[in-house]
Amino acid sequence: MAGSSVLAAALTQGSSLLRDWFKRRRDADFSALYAALTLEAYARKCSTYVSESETYDASSHSAGAPHSRLPDKPVFPAEIDWDALGVDVTTDCLSLLVEIDMADQRIAGEFEFVDDDSGVFEMRRSTTDMGLRAFALGQSLRSTYRVKALKLDEEWNFLVYLNQQKLRYDELAQKYAESATALYESMSASASRSDETTIKAD
């Protein structure tokens with residue numbers, strides 16, 4: 001009798017633990033879906049912002065829209081069970097919000113301390129980077145948990161657009177950096193020659 005009672009108790013406890021495991025796994029899967037959709041929607045919004053900004057300049061301000069900051073930060077649904085997703089996933093998702101704030105600060109600095117062209121360029125580049133970062137996080141969630149892959153629109157593939165723009169902006173940033181370096185070296189050389197001329201005159 002005692003042995004039967006212990007066995008029954010063990011089976012009951014095992015069954016309860018198994019149910020809890022399945023529930024936690026289901027909660028994690030649904031939470032991953034909610035988070036992935038939120039991140040992917042933000043990535044799409046980023047592509048729209050960049051496209052509107054590019055169109056605004058290309059059309060002499062007759063189409064598109066001017067933007068001076070990133071899209072508003074994504075708002076994760078309250079239904080997400082962060083405990084079920086774990087510390088690493090939670091850290092990655094919530095850290096993105098901090099990265100967006102930091103990017104907006106950089107953009108504001110370019111507008112304030114450099115010029116509008118520099119601010120617009122930094123906005124487009126940072127928006128592209130944050131969009132790709134958000135999309136990558138969403139895809140990681142889908143692949144880690146039991147969530148189907150996102151089907152992208154074949155006519156307007158925002159991921160392809162973001163990747164194309166990233167390559168373009170990175171190349172432009174490299175050219176700007178090289179140009180600034182060359183200008184600095186030229187000015188330094190000119191100042192050095194001026195100093196030498198002044199010394200000889202003395």
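The model is predicted, so local features need pLDDT of at least 70, side-chain atom pairs count only at pLDDT 80 or more, and totals for chains, interfaces and linings use all residues. Residues are numbered from 1 along each chain as its sequence is written, and side-chain values use heavy atoms, with hydrogens and water left out.

**Exercise 1.** Work out how many helices and strands the chain has.

*Solution.* Start with the rule: helices (H or I, at least four residues) and strands (E, at least two) are DSSP runs, numbered from the N terminus. Applying it gives five helices and zero strands. Along the sequence, the pattern reads α-α-α-α-α.

**Exercise 2.** Find which residues touch the most other members of the largest nonpolar core.

*Solution.* A nonpolar core is a set of buried (under 20% relative accessible area, 1.4 Å probe, protein chains only) Ala, Val, Leu, Ile, Met, Phe, Trp, Tyr and Cys residues joined through side-chain atoms within 4.5 Å. Among the 26 members, the answer is Leu39, Tyr42, Leu70, Phe76, Leu96, Leu141 and Tyr145. Next, locate the suppliers: α1 (2-58), α2 (82-85), α3 (87-113) and α4 (116-144) each give at least two residues to this core. Finally, a separate second core has six residues, including Leu132 and Phe158.

**Exercise 3.** List the contacts of phenylalanine 76, leaving aside its neighbours within four places in sequence.

*Solution.* Take contact as heavy atoms within 4.5 Å. Phenylalanine 76 then meets Ala35, Thr38, Leu39, Trp82, Cys93, Leu94 and Leu97.

How values were computed
Buried < 20%, exposed > 50% of the residue type's maximum accessible area, 1.4 Å probe, protein only.
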